[in-house]
Amino acid sequence: MTQNNVQHYIETHSEEFLDQLFELLSIPSISTDPDYADNVERCAQWVSEHLRQIGVDTVEVHSTEGHPIVYAEHLSAPDDAPTLLIYGHYDVQPPDPIDKWDSPPFEPEVRDGKIFARGATDDKGQLFAHLKAIEAWIATTGGLPVNIKFIIEGEEEVGSPNLAPWVETHQQRLQSDALIISDSSMFAPGIPSITYGLRGLAYLQMTVEGPDHDLHSGLFGGAVPNPINELARIIAQMHDEDGRVTIPGFYDAVRPMDESECRAFAELPFDDAAFRNETGAAQLKGEKGYTTLERIWARPTLDCNGIWGGYTKQGAKTVLPSKAHAKFSCRLVPDQDPDEIAELAQSWVRELADDSVKVSTSVFHGGYPVITDRDAPAVRAATRALSRVWNEECVFTRGGGSIPIVTTFSKTLEIPTVLMGFGLENDRLHSPNEKFNVENFYAGIRTSAYLWQELEQVYADEAAAGE
Ligand code: BES
Ligand code: MN
Ligand code: MN
């Protein structure tokens, strides 16, 4: 009966929920760009205000050296009820290239059943689904069947530099039974999914310097090292003919996929042609000997993310530039270590460069790869909640993206993680025209509403079985 009331509340408030999400999406909380710091702060305030409005007991905004952390607690459940920690992020990626959007990124709009805005799926829309489910519980029943703690940060998209130490300092207060995150994707429309793996990340930049000032390419070209040519040569040598990364030792720590996992991947209804079509590329390309799902979920990679130097404006300029730069990153899989990989990559770049140029490298944020425990009671509760809403069996997938803070949580709090995404693979996160299907937003809210009840039951069953 209770659940009926909760679900009824969600149905009758659906329009209001969407309007509120639009408010949240209109705040350009771009964490990486210092010009937007005020907006990031305003977003933290908006989220905390909203938590108070929906009736969450304790709501705090903790300032950091970077962007604020919103922390909240609602601990009204009966004794022995489990406590869940919900994590999400209110910061977003820059909208660039801005001219590729069909509607302005911070003026949300529904077209064809989809909410278009930066942050629609990553992560404001998914996070907000949990807030709305909790509102529904508090409004209809005065509380929740479980205790809830929230951490909503504003620095996920820049590697959570201030949240990691904060979690360590506050580990006592953060004690919970499981971590719940909705910041990933479903395997396919209508197929509810639990993500049990995420890739890690090592992110670097290199600068190649040749002459100490730009030169006339006619007077000097051919007799002086060209940093762009050298940089391109270095990058080209970082993969071999089979698409493998050439950094010595790169694959040493990679945990091989076991056969059952390969089989499970192969059994998923995945269509290479549809995947290729979504990207618009002429062909798929990757490490030889692996399927697409293996390549994006279980194999480490290296990609150049940006490259610049010389003359890039209109027309031609015959210049031999003094410097060239590139950003590149590695996606990592268990048990690779981001610091070790960054070290290996830097040595390799130095080795690939010849003596005619000077190469320097620097390392940005990184993150550990993640494999979660698929047998945890909280995972069971999540699969039940998901199946109730989608009327389909839940599938277990891995994800190619990274959420660096997950490892900090599991190491310091020693609790299982449930990654239950409501987004879709074609939501264009980080790209122009990011979207979140309205249907998925509402399904996410309904799933979250079921989840708290399922968790209460699963933990009660566990306790009974343990007696
Ligand atoms: N939500 C994504 C990660 C994600 C997306 C995981 C889809 C699984 C499926 C997250 O916001 C993200 O974009 N993370 C960054 C890492 C960060 C250090 C910039 C990433 O993966 O590039
Ligand atoms: Mn995200
Ligand atoms: Mn992201």
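Buried here means under 20% relative accessible area, exposed means over 50%, and partly exposed is in between. The model is predicted, so keep that in mind for every view below.

**View 1. Arg 244 and Glu 287 pair up across the chain.** Arg 244 sits at 32% relative accessibility, so it counts as partly exposed. Its salt-bridge partner is Glu 287, with the closest N and O atoms 3.3 Å apart. The two are 43 residues apart: Glu 287 is in the loop between α8 and α9, Arg 244 in the loop between α6 and α7.

**View 2. Asp 335 meets Arg 255.** Here the closest N and O atoms of the salt bridge are 2.8 Å apart. Asp 335 comes from the loop between β13 and α10 and Arg 255 from the loop between α6 and α7, so the pair ties together parts 80 residues apart in sequence. Both are partly exposed, Asp 335 at 45% and Arg 255 at 44%.

**View 3. Asp 112 with Lys 114.** This salt bridge has its closest N and O atoms 3.2 Å apart. Asp 112 is exposed at 68%, while Lys 114 is partly exposed at 23%.

**View 4. A four-stranded open sheet.** The strands line up as β11-β13-β9-β14, with antiparallel pairing. β11 and β14 are at the edges with a single partner strand each, so one side of each has no neighbour in the sheet. Neighbouring strands are turned by 20° against each other on average, ignoring direction. Helix α6 packs on the sheet, touching β9, β11 and β13, and its direction makes about 150° with that of β9.

**View 5. Where β9 meets β14.** Eight bridges join these antiparallel strands. Gln 205 has Ser 362 in β14 as its bridge partner.

Key:
Residues are numbered from 1 along each chain as its sequence is written. Chains are lettered from A and ligands numbered from 1 in the order in which they are written. This is a predicted model: local features need pLDDT of at least 70, side-chain atom pairs count only at pLDDT 80 or more; totals for chains, interfaces and linings use all residues. Side-chain values use heavy atoms; hydrogens and water are left out. Two strands pair if DSSP finds at least two bridges between them. Axes are lines fitted to C-alpha atoms, for helices over the stretch in contact, and angles run from 0 to 180 degrees between N-to-C directions. Contact means heavy atoms within 4.5 Å. A salt bridge is a side-chain nitrogen of Lys or Arg within 4 Å of a carboxyl oxygen of Asp or Glu. Buried means under 20% relative accessible area, exposed over 50%, partly exposed in between (1.4 Å probe, protein chains only).
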